[in-house]
Amino acid sequence: MKTEAVSNGRHGPSPRLVLITGCSGGGKSTLLEALAAHGHTTIREPGRMIVRQALAEGDDMLLPWKNPVGFAKRALAVARADLEKARRQSGPVIFDRGLLDAALALEHANGTPLEKTLSEDLPYSAPVFLAPPWRMLFENDRERQHGWDEAVLEYERIETALHRLKIGHLRLPKVPVDARVAFILKCLTLAAPRATDA
């Protein structure tokens with residue numbers, strides 16, 4: 001399994017930067033692990049890593065349920081660092097959440113407009129893949145303390161943001177993970193910048 005940071009593709013040859021976002025507990029992390037097992041370079045969700053580290057260190061100021069602004073700003077920093085490091089990478093890279101999610105979390109936390117935080121076009125390739133709410137998969141754990149209703153509201157904010165930013169996206173089907181992997185790989189093989197909104 002290979003996990004690397006990735007680039008925005010604005011300097012030199014552009015690797016394909018594939019974003020998987022959507023509902024919390026919608027199967028994104030499991031999907032990312034399956035894609036990594038198939039030999040694809042992947043980037044783990046920044047938020048999970050931040051929460052895990054904060055819990056280990058007893059740092060409440062980076063927990064989203066204690067300090068959502070501090071958490072969002074840290075997630076932005078991590079996502080941008082991943083993108084900067086990736087300028088040295090080549091080939092396709094697949095993200096579990098990223099810059100879009102962090103910017104949207106900040107907007108929700110303190111009202112900072114999404115467009116202001118991003119300031120430039122998102123670096124990810126079209127289409128962005130959107131994991132829809134899937135009640136059967138959703139569960140809480142130590143790092144995910146919000147409930148189902150909150151997860152659905154977050155998903156709706158993400159979908160609305162993709163429309164606001166006019167970013168082509170596709171909803172992932174509610175099928176077993178191997179079928180989701182096949183769906184993504186087929187879409188990437190056929191992908192063109194003209195991918196239509198879901």
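This is a predicted model: local features need pLDDT of at least 70, side-chain atom pairs count only at pLDDT 80 or more; totals for chains, interfaces and linings use all residues.
The contact (heavy atoms within 4.5 Å) is made by residues of α3 including Pro68, Val69, Ala72 and Leu83, and by residues of α4 including Leu99, Ala102, Leu106 and Asn110. The axes of α3 (residues 68-85) and α4 come within 8 Å and cross at roughly 160°, and the two helices are therefore roughly antiparallel to each other, a term for angles over 145 degrees. Residues are numbered from 1 along each chain as its sequence is written, and side-chain values use heavy atoms, with hydrogens and water left out. Local features need pLDDT of at least 70, and side-chain atom pairs count only at pLDDT 80 or more, whereas totals for chains, interfaces and linings use all residues.

Threonine 112 lies in the loop between α4 and α5, where its side chain makes a polar contact with the side chain of asparagine 110 at 2.8 Å (a pair of N or O atoms within 3.5 Å, of which one must be able to donate a hydrogen and the other to accept it). Leaving aside neighbours within four places in sequence, threonine 112 is in contact with Leu106, Glu107 and Thr117.

Helix α6 (residues 148-164) has 17 residues, which at 1.5 Å a residue should span 24 Å, and its end C-alpha atoms are 24 Å apart, which agrees. Its buried residues (under 20% relative accessible area, 1.4 Å probe, protein chains only) are Ala151, Val152, Tyr155, Ile158, Glu159, Ala161 and Leu162, and what covers them includes β1 (17-22), α4 (99-110) and α5 (114-118). Just after α6, lysine 166 takes a positive phi of about 55°.

How values were computed:
Helices (H or I, at least four residues) and strands (E, at least two) are DSSP runs, numbered from the N terminus. The expected span of a helix is 1.5 Å times one less than its number of residues. Buried means under 20% relative accessible area, exposed over 50%, partly exposed in between (1.4 Å probe, protein chains only). Axes are lines fitted to C-alpha atoms, for helices over the stretch in contact, and angles run from 0 to 180 degrees between N-to-C directions. Angles under 35 degrees count as roughly parallel, over 145 as roughly antiparallel, 65 to 115 as roughly perpendicular and the rest as oblique.
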